[in-house]
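Here is a short briefing to read alongside the model. Take a moment with the fold first, then follow the points below.

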Amino acid sequence: MKRVLVFPGDDASPEAMLPSLELIQTLELPVEFEIPELDIKQLSQKILPGELKAKIDECDAVLFGAASGNAMPILLYLRIESENYAKIRRVKYITGRQSA
């Protein structure tokens, strides 16, 4: 089973992300979704806790909403330290799956 870490994001982003997640879950895919608890105090100080970095690095994918405030350290980690510049994402072809 694949594991996806979900960050609903800041401002109005959770209003779109959470219903989208519910919709994806109705597909009953072999995917486990996890919304991690966030230490808002550390994030507001621009600190990304090591435990959260480890969770990001260990998961198969990240579903991330928009960031403008507290979620910025997460976004910067995903973009810079994980080398996902310019919204370019790595893709892995799965044998037996249809593509568009």
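Two strands are said to pair if DSSP finds at least two bridges between them. With that in mind, S1 (residues 2–7) and S2 run parallel and are joined by four bridges. Please keep in mind that this is a predicted model. The protein chain holds four helices and three strands, and its elements follow the pattern β-α-β-α-α-β-α along the sequence.

**The sheet**

- The three strands form an open sheet in the order S2-S1-S3, and their pairing is parallel.
- Strand S2 (31–34) and strand S3 (61–64) are at the edges; each has a single partner strand, so one side of each is left without a neighbour in the sheet.
- From one strand to the next, the twist averages 25 degrees.

- Which residue of S2 is the bridge partner of Lys2? That partner is Val31.
- Further pairing detail comes from Val4, which stands opposite Phe33 in S2.
- S1 is mostly covered, with five of its six residues buried. Buried here means under 20% relative accessible area.
- As a reminder for viewing the strands, side chains in a regular strand alternate between the two faces of the sheet.

**The helix across the sheet**

- Which strands does helix H3 lie across? Helix H3, made of residues 50–58, lies across S1, S2 and S3.
- Relative to S1, helix H3 runs at about 135 degrees.

**The chain as a whole**

- The C-alpha trace of the protein chain spans about 45 × 30 × 25 Å along its principal axes.
- Of the 100 residues in the protein chain, 27% are buried.
- Among contacts in the protein chain with a separation of 6 or more, 67% involve residues 24 or more positions apart.

**Surface and charge**

- How many positive and negative side chains does the protein chain have? There are 12 positive and 15 negative side chains.
- The centres of these two sets of charged side chains lie 7 Å apart.

**To take away**

Conventions. Residues numbered from 1 in each chain as written. Predicted model: local features only at pLDDT ≥ 70, side-chain atom pairs only at ≥ 80, totals over all residues. Heavy atoms only, no water. Helix = DSSP H or I, 4+ residues; strand = E, 2+ residues; numbered from the N terminus. Axes fitted to C-alpha atoms, helices over the stretch in contact; angles between N-to-C directions. Contact = heavy atoms within 4.5 Å. Buried < 20%, exposed > 50% of the residue type's maximum accessible area, 1.4 Å probe, protein only. Lys, Arg positive; Asp, Glu negative; His and termini not counted. Charge placed at Lys NZ, Arg CZ, Asp CG, Glu CD.
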